[in-house]
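Hello,

Here is the structure for you to look over.

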Amino acid sequence: MEKKDDLQSIERIIGYHFFERQHLIRALTHPAYANELIQKNRICLTQEAYSTLGDAVLKTSLILFLMERGLQEKGAITRTKEQLEDNHSLAKIGRRMKIKRFIRLGRGEKDLWQSGEETILADTVEAIVGAIFLDSDAGLGVVRQCIGTWFEPELSQIKREDLPKKKAKLPLSSISRRARPR
């Protein structure tokens with residue numbers, strides 16, 4: 001998997017060139033694969049920490065995208081964000097980017113791919129987000145650009161009618177009267 005051509009291919013797919021390719025390799029390393037290497041007395045770090053970091057960065061980025069698209073109420077933002085970031089949606093994005101062939105899986109996971117595919121793809125997408133965040137020196141703007149591209153089909157489906165209706169504004173005179181101390 002660490003062949004230069006493979007790494008360049010996935011970099012093109014995700015739209016980001018890594019300065020430290022070890023971040024990308026780690027993001028693609030499933031825990032079962034690492035455990036197999038560890039049993040052979042080889043050191044191998046897994047995607048787990050990157051996936052945790054990527055989850056937080058993804059949540060923040062999606063909230064910002066939703067606010068930019070007009071969602072402003074906590075409930076609407078939370079509901080929409082949760083739909084965008086669930087395992088099914090993340091796996092769909094992983095399939096769309098065709099990252100499956102780059103994931104470093106253990107022998108057992110290769111055999112059980114169908115039953116665990118959604119979770120493996122979702123975790124890997126999150127780990128890639130975390131890897132980009134770290135590689136870009138915690139550059140939220142850089143990683144948001146990638147996430148925006150990956151999520152564009154889903155984000156473009158957010159329609160104006162899904163947005164909360166504007167509340168009636170009080171006339172300025174009644175607001176000013178309330179604000180004045182008596």
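Glu-11 counts as buried, because its relative accessibility is 6% and the cut-off for buried is under 20%. This is a predicted model. Glu-11 forms a salt bridge with Arg-21, with the closest N and O atoms 2.8 Å apart. Glu-11 sits in helix α1 (residues 4-14) and Arg-21 in helix α2 (residues 21-27), so the bridge ties together parts 10 residues apart in sequence.

A search of the whole structure gives nine salt bridges. Another one pairs Glu-154 with Arg-96, closest N and O atoms 2.9 Å apart. This pair links distant parts of the chain: Glu-154 is in helix α10 (residues 152-155), Arg-96 in helix α6 (residues 87-97), 58 residues apart. Glu-154 is buried at 13% relative accessible area. Arg-96 is partly exposed at 37% relative accessibility.

Asp-55 and Lys-59 also form a salt bridge, at 3.4 Å between the closest N and O atoms. They are four residues apart in helix α4, so about one helical turn separates them. Asp-55 is partly exposed at 22% relative accessibility, and Lys-59 is partly exposed at 28%. Salt bridges with shared partners join Asp-55, Lys-59, Lys-81 and Glu-85 into one network.

Now the helix pair. Helix α4 (residues 48-68) packs on helix α5 (residues 74-85) at about 130°, axes 10 Å apart. That makes α4 oblique to α5. Their crossing is right-handed. The contact includes Asp-55, Lys-59 and Leu-62 of α4, and Ile-77, Lys-81 and Glu-85 of α5. By class, the contact has seven nonpolar, one polar and four charged residues.

Best wishes

Technical notes:
Residues are numbered from 1 along each chain as its sequence is written. This is a predicted model: local features need pLDDT of at least 70, side-chain atom pairs count only at pLDDT 80 or more; totals for chains, interfaces and linings use all residues. Side-chain values use heavy atoms; hydrogens and water are left out. Axes are lines fitted to C-alpha atoms, for helices over the stretch in contact, and angles run from 0 to 180 degrees between N-to-C directions. Helices (H or I, at least four residues) and strands (E, at least two) are DSSP runs, numbered from the N terminus. Angles under 35 degrees count as roughly parallel, over 145 as roughly antiparallel, 65 to 115 as roughly perpendicular and the rest as oblique. A crossing is left-handed if the near helix is turned anticlockwise from the far one by less than a right angle, and right-handed if clockwise. Contact means heavy atoms within 4.5 Å. Ala, Val, Leu, Ile, Met, Phe, Trp, Tyr, Cys and Pro count as nonpolar, Asp, Glu, Lys and Arg as charged, and the others, Gly among them, as polar. A salt bridge is a side-chain nitrogen of Lys or Arg within 4 Å of a carboxyl oxygen of Asp or Glu. Buried means under 20% relative accessible area, exposed over 50%, partly exposed in between (1.4 Å probe, protein chains only).
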